[in-house]
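I opened my notebook beside the structure viewer and wrote down what I looked up, one topic at a time.

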Amino acid sequence: MELLIVKDRRIDYDGSAIGSHWAYRNFGILGNSLVVFRGKCDVKVEEMIDIEDLRASKEIRSDDMVHYIIEVFDLVNTLFASTLQKLFIARLCEVLGEYGVKTVRKGDDIYVNGRKLSISIATVSPVSVKIHIGINVEAKGIPEGVEAIGLKELRITEVEEFMERTGRALVEEFKKVKKDSLKVRWAQ
């Protein structure tokens with residue numbers, strides 16, 4: 001899995017990056033990829049993937065997030081997409097623990113002190129698994145009624161270092177899973 005961490009500019013997430021080959025179209029990365037970047041989040045209704053959110057007319061917004069766009073071509077399956085998403089959320093919780101932050105994972109979301117730190121969605125395109133994870137840098141611009149928290153409130157102020165550390169951790173986790181899947185033989 002190729003890792004790209006975009007530091008030279010902000011990229012706003014509007015939901016369109018969940019489409020297949022986004023990393024290839026925008027950065028020339030062909031194949032399994034993780035692109036980490038920072039920017040606003042404002043997902044329009046026409047880009048919503050989660051049908052529950054769509055039916056409830058939920059808003060998905062934040063003024064400042066770290067975004068992770070993951071694309072995997074190895075196995076295009078919704079169960080695999082959801083499993084990989086939860087694995088990555090669990091790994092992010094572990095990295096946050098290394099910063100001294102006590103997290104609670106509820107499904108595919110990360111909470112700290114009962115406040116929501118992340119958003120996440122996993123789906124499949126005709127050719128790949130697509131996952132978006134967003135972590136609030138600051139809990140600003142959040143939809144009304146959502147109790148949120150951000151990295152800065154958790155005293156994680158070196159956001160680029162956090163992007164590097166978490167990006168590397170997710171790629172390493174994926175590589176371990178892939179290696180483990182390749183080193184076993186079929187039971188007879």
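The entries below go from the sheet to the helices, the cores and the aromatic rings.

**Entry 1: ground rules.** I noted that this is a predicted model, in which local features need pLDDT of at least 70 and side-chain atom pairs count only at pLDDT 80 or more, while totals for chains, interfaces and linings use all residues. Residues are numbered from 1 along each chain as its sequence is written, and side-chain values use heavy atoms, with hydrogens and water left out.

**Entry 2: the sheet.** I looked up the strands, which, like the helices, are DSSP runs numbered from the N terminus (H or I of at least four residues for helices, E of at least two for strands). There is an open sheet of 5 strands in the order 1-2-3-8-7, with mixed pairing, where two strands pair if DSSP finds at least two bridges between them. Strand 1 (2–5) and strand 7 (118–124) stand at the edges with a single partner strand each, so one side of each has no neighbour in the sheet. I read the twist as an average of 25° from one strand to the next; axes are lines fitted to C-alpha atoms, for helices over the stretch in contact, and angles run from 0 to 180 degrees between N-to-C directions. Strand 7 and strand 8 run antiparallel and are joined by 7 bridges, and Ser118 stands opposite Ile135 in strand 8.

**Entry 3: helices on the sheet.** Helix 3 packs on the sheet, where it touches strand 3, strand 7 and strand 8, and its direction makes about 30° with that of strand 8; contact here means heavy atoms within 4.5 Å. Helix 4 lies across strand 1, strand 2, strand 3 and strand 8, and runs at about 130° to strand 2. I also checked the span of helix 4: its 24 residues reach 35 Å from first C-alpha to last, close to the 34 Å expected at 1.5 Å a residue, the expected span being 1.5 Å times one less than the number of residues. Which residues of helix 4 are buried? I listed Val159, Phe162, Met163, Thr166, Gly167, Ala169, Leu170, Val171, Glu173 and Phe174, with buried meaning under 20% relative accessible area, exposed over 50% and partly exposed in between (1.4 Å probe, protein chains only). These buried residues pack against strand 1, strand 2, strand 3, helix 3 and strand 8.

**Entry 4: the cores.** I then looked up the nonpolar cores, each a set of buried Ala, Val, Leu, Ile, Met, Phe, Trp, Tyr and Cys residues joined through side-chain atoms within 4.5 Å. The largest nonpolar core has 34 residues, of which Tyr68, Ile70 and Ile133 touch the most other members. At least two residues of this core come from each of strand 2 (33–43), strand 3 (60–72), helix 3 (78–98), strand 5 (109–112), strand 8 (129–136) and helix 4 (159–182). Helix 3 gives the most, with 7 residues. A second, separate core of 18 residues includes Ile11, Ile18, Cys41 and Met48.

Entry 5: Is Ser33 buried or exposed? Ser33, found in strand 2, counts as buried because its relative accessibility is 2%. Ser125 lies in the loop between strand 7 and strand 8 and also counts as buried, at 12% relative accessibility. Leaving aside neighbours within four places in sequence, Ser125 is in contact with Ser20 and Val76.

**Entry 6: aromatic rings.** I found 3 aromatic pairs, where rings of Phe, Tyr and Trp (its six-membered ring) pair if their centres lie within 6.5 Å, and planes under 30 degrees apart count as stacked, over 60 as edge-to-face and the rest as tilted. The rings of Trp22 and Phe27 have centres 5.5 Å apart and planes at 70°, so this pair is edge-to-face. Trp22 is buried at 9% relative accessibility, whereas Phe27 is partly exposed at 24%. The rings of Tyr99 and Phe162 have centres 5.7 Å apart and planes at 55°, so this pair is tilted. The pair links distant parts of the chain, 63 residues apart, with Tyr99 in the loop between helix 3 and strand 4 (104–106) and Phe162 in helix 4. Trp22, Phe27 and Phe37 form one aromatic cluster, and Phe37, in strand 2, is buried with a relative accessible area of 1%.
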